[in-house]
Amino acid sequence: MFNLFDNITPIYFLYLLYGASFLFLGVSMTAKDMKGSNLKLGESLWVLSSFGFIHGAHEWLELGIWIEGKNLLYQQIFAAKTVSVGFLIFSFIFLTQFGLALISIVHKRCLWKFKSAIMAGLFLIWLLYLLHDIGLHGLHFLIRADIGARYTFGFVGGLLTSYGLIAYSREISYLSRPVS
């Protein structure tokens with residue numbers, strides 16, 4: 001008898017749920033109506049929503065490459081991996097933008113002036129990381145681009161967003177202490 005779950009390993013199931021959680025983040029932020037809210041956070045929720053959609057698509061594309069990789073040509077794997085790395089970079093750029101927006105709300109625009117410089121600096125660090133091993137090409141280059149994006153855009157975006165959420169929760173604690 002055919003069993004649907006015979007070929008599904010735990011890592012595949014984990015990535016399925018992981019991608020779904022980011023897509024759910026995107027859907028929930030998109031569906032949230034913040035028009036009547038006085039929270040300044042509502043102005044930048046579309047950035048968080050974009051991060052969720054793009055990062056979820058990245059995770060599911062990675063899952064698809066893992067599952068179907070043995071049935072794909074090298075060119076198809078390379079194309080899918082290129083799109084996947086592009087999605088990863090763009091998702092982390094949106095995460096970084098969301099963190100900068102939160103910090104700008106809390107600190108009254110002090111960091112927003114440097115947004116372009118921060119993004120250019122991260123891009124330069126990522127590019128230097130890529131060019132460190134100039135002989136890489138093909139899938140090895142894409143793997144290095146993926147790792148570099150995580151170390152630059154992903155790490156800094158996560159730190160900025162974490163700090164922004166903590167600082168923002170302290171700022172709105174007068175509204176509801178348990179919620180903040």
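The model is predicted, so local features need pLDDT of at least 70 and side-chain atom pairs count only at pLDDT 80 or more, while totals for chains, interfaces and linings use all residues. Residues are numbered from 1 along each chain as its sequence is written, and side-chain values use heavy atoms, with hydrogens and water left out.

**The chain as a whole**
- You're looking at five helices and zero strands (DSSP runs: H or I of at least four residues for helices, E of at least two for strands, numbered from the N terminus).
- Of the 180 residues, 37% count as buried (under 20% relative accessible area, 1.4 Å probe, protein chains only).
- Take the contacts (heavy atoms within 4.5 Å) between residues at least 6 apart in sequence: 73% of them join residues at least 24 apart.

**R144**
- R144 sits in helix α5, which covers residues 139–171.
- R144 is buried, at a relative accessible area of 15%.
- A polar atom of the R144 side chain lies 2.9 Å from the backbone oxygen of Y129.
- Leaving aside residues up to four places away in sequence, R144 touches Y129, L130, H132, D133 and L136.

**D146**
- D146 is in helix α5 too, and it counts as buried at 8% relative accessibility.
- Beyond residues up to four places away in sequence, D146 touches H58, K81, V85 and L88.

Terms used. Buried means under 20% relative accessible area, exposed over 50%, partly exposed in between (1.4 Å probe, protein chains only). A polar contact is a pair of N or O atoms within 3.5 Å; within protein, one must be able to donate a hydrogen and the other to accept it, and residues adjacent in sequence count only if both atoms are side-chain atoms.
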